[in-house]
Amino acid sequence: MIYVVKKGDTLEVISAITNVPVWKIVYDNQIQNKDRIVPGQALLVLQEGEQPGRTKEMTVGGYAYPFIEPAVLEQALPAMKELPVFSYGFTFEGDLVPPQQDDLWLVEAAWNRGVQPLLVLTPFSQGAFNNQLVKVIVENASIQDRVIAGLLETVRDRGYAGVNIDFEYILPENQVRYAEFVGRVRRIMNENGYRVSVALAPKTSDDQRGLLVEGLDYALLGENADAVFLMTYEWGYTYGPPMAVAPLDKVRQVVEYALTRIPREKIILGIPNYGYDWPLPYESGITRAATIGNVEAVNIAAENGASIEYAQISRAPWFTYKRSGIEHVVWFEDVRSIEAKLELAAVYRLLGVWYWNIMRPFWAGWLLSK
């Protein structure tokens, strides 16, 4: 099902070996130039009508902004059961703030494909997470009342199937109150037929330090939500040193800790649908990586004559190349790394997987996730 290109391979050779037509290999893997495949490139090779069946017992979802390109959305939706729509915010007075672009078309597109759209609530202010907004909402009952009333009205009016709460940088002193807020949203939403999930930054112990995790009590949040979404990505990130975005060994550590605090049937594993391109040498605080799509990464390798390697511990593809005299290193996801994460979710019998996010094309990934 997954064929790794060897030096000297052509699509005609691979087609003869796998008995899958060249046109289908090209289409399924979104190959830009069929005469330029890359050594080390992982190809999803499916017979006509063949379904991988990797997620039969799992729910699959993916976050999307309302400005997603319709063609990209249409590619992803057949693999999805849930579509968290990013995002609604709120003011310090408790008024709900809708996305800048209209979200109704996205809600309708989801339902038309049998996919449940979910309203994502974030404490966004001027394009960034604001923990003072979190502080206000968890400490002020009247503000909570106003936000929850607005949520319920919006979910009903816009046709959402539920709510996903994604609060980040929660202050440690607000840990318990935040979990109680999630529980209150859940009770009210459940009474009206809606489910509530909560997004959690990756954590591996109760006493782990850091701005992203100190305000999160996995056990309390697991009790107070219908499901939890583990944001198991961003080990490799824009300003960090080059490494895999979601190394499987690191992801496994988070899952194993979460399972000691949260029932497995509530846990959704996060999978990134993107990679990073770092210029070298890396200098802390100075180097900034460019965010790229998985299909784009392979095209960069092809354009620059690079060969793709595969890290066995992190279970992630990477390569180096040189352009305009500058060395680069790229880490991204391919069907091998996605399959490894799907297998991890299956082995631990988790509720499912969600992608952050489906804004970039990755047809082979969606085929594998059906």
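This is a predicted model: local features need pLDDT of at least 70, side-chain atom pairs count only at pLDDT 80 or more; totals for chains, interfaces and linings use all residues.
Some overall values next. Along its principal axes, the C-alpha trace spans about 65 × 45 × 40 Å. Of the 370 residues, 55% are buried. If we take the contacts with a separation of 6 or more, 71% of them are between residues 24 or more positions apart. The chain exposes about 15600 Å², and carbon and sulfur atoms supply 50% of that area. There are 34 positive and 44 negative charges, and their mean positions are 4 Å apart.

Now to the aromatic residues. How many aromatic pairs does a search of the whole structure find? The search finds 25. One of them is Phe 86 with Trp 356, an edge-to-face pair at 5.2 Å centre to centre and 75° between the planes. Phe 86 lies in strand S4, residues 82-90, and Trp 356 lies in strand S18, residues 352-356, so this pair ties together parts that are 270 residues apart in sequence. Are these two residues buried or exposed? Phe 86 has 5% relative accessibility and counts as buried. Trp 356 has 18%, and it counts as buried because the cut-off is under 20%.

A second pair also involves strand S18. Phe 229 and Trp 354 are tilted, with 5.4 Å centre to centre and 35° between the planes. Phe 229 is in strand S11, residues 227-230, and Trp 354 is in S18, so the two are 125 residues apart and the pair links distant parts of the chain. Both Phe 229 and Trp 354 are buried.

On to the backbone. Most residues other than glycine have a negative phi, and most peptide bonds are trans. Which peptide bonds are cis here? One runs from Phe 86 to Ser 87, with omega near -10°. Ser 87 is in strand S4. Another runs from Trp 356 to Asn 357, again with omega near -10°. Asn 357 sits in the loop between S18 and helix H12, residues 363-368.

Positive phi values come next. Gln 30 has phi near 50° and lies in the loop between helix H2, residues 22-28, and strand S2, residues 42-44. Tyr 169 has phi near 60°. Its loop is the one between strand S9, residues 162-165, and helix H7, residues 175-191. With a relative accessible area of 34%, Tyr 169 is partly exposed.

Last, Pro 202. Where is Pro 202 placed? It is in the loop between strand S10, residues 195-200, and helix H8, residues 218-224. Leaving aside neighbours within four places in sequence, Pro 202 is in contact with Gln 208, Val 213, Tyr 218, Met 231, Trp 235 and Val 254. Ala 311 is 109 residues from Pro 202 in sequence, and the two are 21 Å apart in space, C-alpha to C-alpha.

Notes
Residues are numbered from 1 along each chain as its sequence is written. Side-chain values use heavy atoms; hydrogens and water are left out. Buried means under 20% relative accessible area, exposed over 50%, partly exposed in between (1.4 Å probe, protein chains only). Contact means heavy atoms within 4.5 Å. Accessible areas come from the Shrake-Rupley method with a 1.4 Å probe; for residues, only the protein chains shown count as cover. Lys and Arg count as positive and Asp and Glu as negative; His and the chain ends are not counted. The place of a charge is taken as NZ of Lys, CZ of Arg, CG of Asp or CD of Glu. Rings of Phe, Tyr and Trp (its six-membered ring) pair if their centres lie within 6.5 Å; planes under 30 degrees apart count as stacked, over 60 as edge-to-face and the rest as tilted. Helices (H or I, at least four residues) and strands (E, at least two) are DSSP runs, numbered from the N terminus.
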